[in-house]
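Student: Please take me through this model and say on what grounds each label is given.

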Amino acid sequence: KSFAISVYLVSLCDMCITYLFSHLRILPVADQKSYVVSLVSYVFFIVSRLAGLFVLARTHSYMLYLVCGALLGVVQELTIGRRVKKMYPYLIASRDFSKGEERSEIISRVRPLFFHKLGAIMCGSVDNMAVFVYLGLHAGALYSKYIMLSGICLTFISIICASASASVGNLGVTSGRERMYRVFSTAYFAVFAIASFFALSLFFTYPLIVELWVGRDMVLSLGETSLFCLFLLVFALRKPVGIFLDGFGLFDREQYKALTEALLTLAATVLLAPRFGIAGVLAGQLLGTLCFSFWYEPYILYKYGFQKEITSFLLELPKYLFSLILSFVLSAILCFCSEGLFDGIFNILFRFSVCGFSTASVYFIMFFDSEKFHEALRYGRRMA
């Protein structure tokens with residue numbers, strides 16, 4: 001028990017270090033020079049992992065491994081802080097916040113961010129806590145394998161979204177709301193198409209990947225696999241909405257949204273997890289999102305950001321969903337007809353190719369004459 005408490009405290013300190021230096025980290029990000037922070041973070045990430053492996057190999061002590069990571073985390077933050085101070089000496093030197101108006105404005109802007117971060121942390125930890133508390137270690141191992149595969153896909157989508165996020169705020173200043181609205185429509189369409197491809201690909205390859213990786217005993221049921229794919233799709237679609245909410249700076253309009261979502265997710269997970277297992281955990285996550293945040297975030301974005309009615313957004317969703325269903329049907333037919341042609345890794349690659357072909361064909365036919373389709377293609381060519 002004392003060892004577990006020690007591990008928790010060291011891990012907690014390692015997490016808290018970043019917040020102590022967040023006022024320095026945010027300066028290059030606001031100046032659209034986040035590559036400075038990213039470069040230092042990536043270097044220390046590699047050094048930390050190599051040092052951790054060395055410590056484990058030499059001492060076989062998990063505690064020393066954690067302490068080593070925490071110490072390197074402190075060095076990383078000090079390095080970033082020193083670099084930022086050289087970049088912005090005039091800002092670091094200015095420490096006069098005695099004016100009441102400035103202080104109250106800072107507090108009014110920080111409070112929504114605090115609630116947003118608190119709710120996000122609660123939502124992100126509910127599923128793992130529920131799996132290990134109600135279902136045990138074996139279920140946790142199963143859950144972690146599947147969530148890791150979907151997490152890889154979400155990371156890929158996040159990288160695509162992050163490449164455009166730095167310019168969203170500037171776009172609103174230089175081009176106006178109407179241009180922002182058109183860019184958002186294009187981004188949402190592109191993310192929906194990419195997320196559809198990943199969701200379908202995982203649906204048809206999850207059992208094959210997991211069986212090849214850790215054995216047939218770790219393969220979940222079709223219903224649980226479907227929930228993982230839906231989880232991927234839903235959380236991918238929230239990313240472009242979140243980026244544009246940040247671009248408009250609408251934190252104060254949704255400051256209690258994350259906490260409300262966290263409480264709904266917690267309640268649904270606690271009710272469903274003991275009865276339905278992993279499916280109940282996933283259903284709780286999805287219910288907490290779909291019942292509130294999934295529609296509330298676009299509502300805030302359209303009302304206060306674009307200053308438009310949300311009906312235009314809602315009318316687009318059925319067409320997207322219909323395209324997803326057609327892609328699924330075509331992929332299912334092609335996978336069924338080609339059953340037994342390939343084995344192992346080649347079967348996985350073939351099914352990925354089938355899902356890619358089906359998704360691209362359906363979305364091409366359905367949206368070829370739309371402006372957002374051609375805008376997404378132009379953006380893709382620029383990224384390539």
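Tutor: The largest nonpolar core has 72 residues, and Phe184, Tyr188, Phe228, Ile278 and Phe306 have the most contacts inside it. Helix H9 (177-214), helix H12 (278-306) and helix H13 (311-337) are among the helices that each supply at least two residues of this core. H9 gives the most, 18 residues.

Student: What makes this set of residues a nonpolar core?

Tutor: The term applies because its members are buried Ala, Val, Leu, Ile, Met, Phe, Trp, Tyr or Cys joined through side-chain atoms within 4.5 Å. Buried means under 20% relative accessible area (1.4 Å probe, protein chains only).

Student: Which residues does Phe184 touch?

Tutor: Not counting residues up to four places away in sequence, Phe184 touches Pro240, Val241, Phe244, Leu301, Tyr302, Phe306 and Phe313, where contact means heavy atoms within 4.5 Å.

Student: Why is Glu224 said to have no salt bridge?

Tutor: A salt bridge needs a side-chain nitrogen of Lys or Arg within 4 Å of a carboxyl oxygen of Asp or Glu. For Glu224, which is buried, the nearest side chain of opposite charge is Arg275, 13 Å away, so there is none. Beyond four places in sequence, Glu224 is in contact with Ile278, Ala279 and Leu282.

Student: How confident is the predictor?

Tutor: This is a predicted model, in which local features need pLDDT of at least 70 and side-chain atom pairs count only at 80 or more, while totals for chains, interfaces and linings use all residues. Residues are numbered from 1 along each chain, and side-chain values use heavy atoms, without hydrogens or water. Mean pLDDT (confidence per residue, from 0 to 100) is 83.

Terms used: Buried means under 20% relative accessible area, exposed over 50%, partly exposed in between (1.4 Å probe, protein chains only). Lys and Arg count as positive and Asp and Glu as negative; His and the chain ends are not counted. pLDDT is the predictor's confidence in each residue, from 0 to 100. Helices (H or I, at least four residues) and strands (E, at least two) are DSSP runs, numbered from the N terminus.
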